[in-house]
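Subject: Structure for your review

Dear colleague,

Please find below the structure that I am handing over to you. My findings follow it, arranged by topic.

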Amino acid sequence: MGSRRYLVRKLGQALTTMFFVVVFNFFLFRIMPADPIKLLTKTQGLRLSESDRAAMIADLGLDKPLPQQFFGYVNDLVHGRFGETFIYPGQSVSSVFLRFLWPTLLLVGLATLLMTVIGLYMGIKGGWNRGSKGDVASMGFSLVLYSMPEWWLGLMLLVLFATILGWFPQGGFKSTTELTGMTHVVDVLNHMFLPMLTLTLAYLGEYYIVMRSSLLEVLGEDYITTIRAKGVREKDVLWRHAVRNALLPTVALVALGFGFVIGGAVTVELVFSYPGLGLLTFEALNSQDFALLQGMFIFFSLAVVVANLIADLTYGWLDPRVRSA
């Protein structure tokens, strides 16, 4: 019963958050000073008469009262209709979004995996060997990287490895020539390496710091002292008892990190001209493509809300004390 109430409560919080996001998204793009009709006709090179302009306003539903527009907007969201983009005439927001989604998911997914594994391992080693030279070096290295803006770090890596050394391409997702099989896979990884390295290094310190502090807190608990007094090997104390409990706070960090990194990849994708959601967002902002921006805003918000929900449910499953709190 406690688990059911916890699940219902978290689902209710997630749905409530998304409702406020939808309301904010609706009003945000309607209080902006830009004229969507003017933007649309400008990108398509059209000159409309007053009657044609009025007909287009009526077709877009902009002549209706705000409450009626809002319910129509929610209905379109439920059915996955986000309208057509200005910068890609004749294409729906959904089709353009899905085309740019795959490169971002590939980039963010691999970067999140790397930053999680490397950061947690460094945090475990640093917390277990607190005060050692390796711990001090890891702490300094992580804090320096964590304090750097992603776009600046990306520029430095781009200049060093792509321009000076020439080891990797300077941008893009793949070569212009058609490749197949493993050659295509290697080519994509080659183009993706520098932006993936940038994201990994930029967020590595967060995982290291959380894991290290969590492990140090667990090592100070009484039950660890009791386990050691029983003569359990130090290796088993670390991996079978201390690390398993210290990993609990990092579960939420991993889930939330994936949601936030998708939004944080905007600057990295822009630096490396990587054709993902980040670059698409920049193009939409430059062109004031409100329909596309609305769809992107909803997706980024949904990614964070879903990641937060997964983190809460996973944490509650791993630690029953959370469900009864």
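Which residues in H7 meet which residues in H8? Before the reply, please note that this is a predicted model. From H7, the residues taking part are Glu150, Leu153, Gly154, Leu157, Leu158, Phe161 and Ala162. They meet Leu194, Leu197, Thr198, Leu201, Ala202 and Tyr203 of H8. Sorted by class, this contact of H7 with H8 comprises 10 nonpolar, two polar and one charged residues.

As to geometry, H7 covers residues 150–164 and H8 covers residues 181–219, and the two helices pack at an angle of about 135° with their axes 9 Å apart. H7 is therefore oblique to H8. Their crossing is right-handed.

The loop between H7 and H8

Phe168 is located in the loop that links H7 and H8. Neighbours within four places in sequence left aside, the contacts of Phe168 are Phe161, Ala162, Asn190, Phe193 and Leu194. Phe168 and Asn190 are 22 residues apart along the chain, and their C-alpha atoms are separated by 6.4 Å.

The cavity

How many cavities of 30 Å³ or more does the count give? The count comes to one. The largest cavity holds about 30 Å³ of space. Its lining consists of Phe168, Pro169, Gln170, Gly171, Asn190, His191, Leu194, Pro195 and Phe272. By class, five of the lining residues are nonpolar, four are polar and none is charged.

Further along H8

H8 also packs with H10, which spans residues 234–246; the axes of the two helices come within 8 Å and cross at roughly 120°. H8 and H10 are therefore oblique to each other. The crossing of this pair is right-handed. On the H8 side the contact involves Met211, Ser214, Leu215, Val218 and Leu219, and on the H10 side Leu238, Ala242, Val243, Asn245 and Ala246. Eight of the residues in the contact of H8 with H10 are nonpolar, two are polar and none is charged.

H9 and H10

How are H9 and H10 oriented, roughly parallel or roughly antiparallel to each other? H9 spans residues 222–229, and its axis comes within 10 Å of that of H10, crossing at roughly 160°. H9 and H10 are therefore roughly antiparallel to each other. H9 passes H10 in a right-handed crossing. Tyr223, Ile224, Ile227 and Arg228 of H9 meet Glu234, Val237, His241, Ala242 and Asn245 of H10. This contact of H9 with H10 holds five nonpolar, two polar and two charged residues. Ala242 and Asn245 of H10 take part in the contact with H9 and also in the contact with H8.

The second largest pocket

The second largest pocket contains about 260 Å³ of space. Its lining is made up of 13 residues, and those nearest the centre of the pocket are Leu77, Phe82, Ile298, Phe299 and Leu302. At least two lining residues come from each of helix H1 (2–28), helix H5 (93–128) and helix H13 (290–318). By class, 11 residues of this lining are nonpolar, two are polar and none is charged.

With kind regards

Technical notes:
Residues numbered from 1 in each chain as written. Predicted model: local features only at pLDDT ≥ 70, side-chain atom pairs only at ≥ 80, totals over all residues. Heavy atoms only, no water. 1 Å grid on protein atoms, 1.4 Å probe; cavity = no way out; pocket = protein on both sides within 12 Å on 5 of 7 lines; lining within 4 Å. Points joined across faces, edges and corners; volume = space filled by probe spheres on them. Nonpolar A, V, L, I, M, F, W, Y, C, P; charged D, E, K, R; others polar. Axes fitted to C-alpha atoms, helices over the stretch in contact; angles between N-to-C directions. Helix = DSSP H or I, 4+ residues; strand = E, 2+ residues; numbered from the N terminus. Parallel < 35°, antiparallel > 145°, perpendicular 65-115°, else oblique. Left-handed = near helix turned anticlockwise from the far one by under 90°. Contact = heavy atoms within 4.5 Å.
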